[in-house]
Amino acid sequence: MNAKDYIARENVVCANIYTPLSVVLHKGKGSWLWDVEGKKYLDLMTAYSAVSFGHSHPRLVKALNEQAQLLALPSRAFFSDQLAPMMEKACALSGLDMGIPMNTGAEAVETAVKVARRWGYQVKGIPENKAEIIVAENNFHGRTTTIISFSTEQEYQKDFGPLTPGFKAVPFGDVQALEKAITPNTCAFLVEPIQGEAGIIVPPKGYLKEVRRICTENNVLLILDEIQSGFGRTGKVFAFQHEGIQPDGLTLGKALGGGLLPISLFLGRRDVLSLMTPGSHGSTFGGNPLACAVAQEAMDLLVEEKLADHSAKMGTYMLERLRKIKSPFIKEVRGMGLWAGIEFHENHLMARKVCEKMSEKGVLSKDTHTTVIRVAPPLNVTQEELDFGLDVFEDVLKEIEKETSYGF
Ligand SMILES: Cc1ncc(COP(=O)(O)O)c(C=O)c1O
């Protein structure tokens with residue numbers, strides 16, 4: 001069967017919620033993917049950073065296989081010998097005290113919302129049902145009904161109401177707006193240190209430090225969503241470490257599962273998480289030994305292979321190369337570590353076209369918000385691989401410039 005057949009079949013049985021490129025993948029190894037017809041591609045997308053260690057990393061696959069043969073899912077009706085070691089590693093890396101294991105990123109964010117509200121009522125003394133959480137405009141935290149309620153993207157909300165109340169959005173990167181928005185009923189500020197899905201938006205330097213100060217002064221929990229930015233993506237293990245601050249709560253996911261399975265966490269301060277009691281929350285698959293074994297190996301790999309440092313070094317190289325590209329289409333290159341967003345001028349609407357042309361030449365990435373292309377290779381990408389991807393990107397831009405009449 002060829003690619004066209006798979007695409008046609010998928011379109012019959014899967015609701016049309018994505019707009020994938022016409023590439024049907026079959027195999028992955030390290031930084032590379034192969035389609036059903038055997039064509040090879042460099043992966044600059046890494047499943048929205050979930051494949052930060054590359055595809056089928058042998059150490060991660062080994063951990064998965066070994067644990068699968070031992071014990072995969074006893075549920076949390078019992079203890080297991082994998083959960084505590086995994087949580088200990090995550091706490092040690094983040095500097096937080098304890099947490100709740102879940103599966104997807106959205107579940108970790110939902111957990112954060114529940115914990116923050118409970119703290120608001122039980123510790124801060126907010127009147128019943130009045131707790132407010134402040135978020136940033138253009139955030140992306142997932143797709144549940146509560147999470148889309150505090151999205152500022154109308155497309156995410158349309159026809160899914162009634163929406164969940166209790167959220168307020170302020171411009172990202174604007175500390176004065178945050179300070180002004182806080183009321184006695186504010187229990188938390190939930191924010192991505194770098195906004196990923198919005199187009200890799202890096203806030204002004206010092207933003208998180210100021211946010212930390214404001215939250216502390218106003219007795220508001222600072223909850224960072226590092227589901228996409230965490231585990232080395234930005235050149236530090238966590239993006240908040242660039243500013244030497246400590247959040248009160250942290251959501252993690254994606255790369256934690258080593259690109260093999262879903263696992264997410266909400267981590268926080270002990271005095272906050274101790275408010276969660278039996279029956280207040282849970283998940284059948286959350287904290288399962290299979291995911292925990294892979295997550296432990298993923299965290300070991302990150303530390304032992306110094307992947308955050310590699311991400312910083314390769315990222316600097318990548319961003320320098322991207323910023324040197326002279327193209328009339330490029331409006332801005334943003335990023336940190338191995339995470340870049342290249343924004344094109346609005347009227348060109350060509351991010352998709354660039355991705356399509358790159359895929360023809362064996363490089364995969366995806367547009368976000370029609371004007372931005374993300375570049376997020378595996379953290380262990382080599383300079384040679386990166387150069388191949390960036391060469392293709394440059395070639396494609398030149399090709400489009402030649403083809404179109406709107407070259408300047
Ligand atoms: C910052 C952030 N938070 C939460 C999520 C949601 O994660 P999931 O798709 O695993 O639910 C994402 C996914 O892209 C994300 O980037």
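Student: This is a predicted model, so what makes a set of residues in it the largest nonpolar core, and which members have the most contacts inside it?

Tutor: A nonpolar core is a set of buried nonpolar residues joined through C-beta atoms within 7 Å, and the largest such set here has 108 residues, with Ala-116, Phe-189, Leu-221, Val-294 and Ala-298 having the most contacts inside it. Helix α11 (residues 289–304) gives the most to this core, namely 10 residues.

Student: Why is this core said to lie between domain 1 and domain 2?

Tutor: Because domain 1 (3–56 + 306–403) and domain 2 (58–304) both give residues to this core, it lies between them.

Student: How do you know that Ala-116 is in contact with residues beyond its neighbours within four places in sequence?

Tutor: The test is whether C-beta atoms placed from the backbone lie within 7 Å, and, with those neighbours left aside, Ile-133, Cys-187, Ala-188, Leu-221, Ile-223 and Gly-249 are in contact with Ala-116.

Student: How many residues put domain 1 and domain 2 in contact?

Tutor: On the side of domain 1 there are 28 residues, in contact with 24 residues of domain 2. Within that side of domain 1, α12 gives the most, with five residues, and by class the side has 14 nonpolar, 11 polar and three charged residues.

Student: Which residues come nearest to the ligand?

Tutor: Of the 15 residues around the ligand, those are Gly-105, Ala-106, Gly-142, Ile-227 and Gln-228, while helix α5 (residues 105–124) supplies the largest share of the shell, three residues.

Definitions and conventions. Residues numbered from 1 in each chain as written. Predicted model: local features only at pLDDT ≥ 70, side-chain atom pairs only at ≥ 80, totals over all residues. Near = placed C-beta within 6 Å. Helix = DSSP H or I, 4+ residues; strand = E, 2+ residues; numbered from the N terminus. Contact = placed C-beta atoms within 7 Å. Nonpolar A, V, L, I, M, F, W, Y, C, P; charged D, E, K, R; others polar. Buried ≥ 20, exposed ≤ 12 C-beta atoms within 10 Å, placed from the backbone. Domains from an automatic or database assignment.
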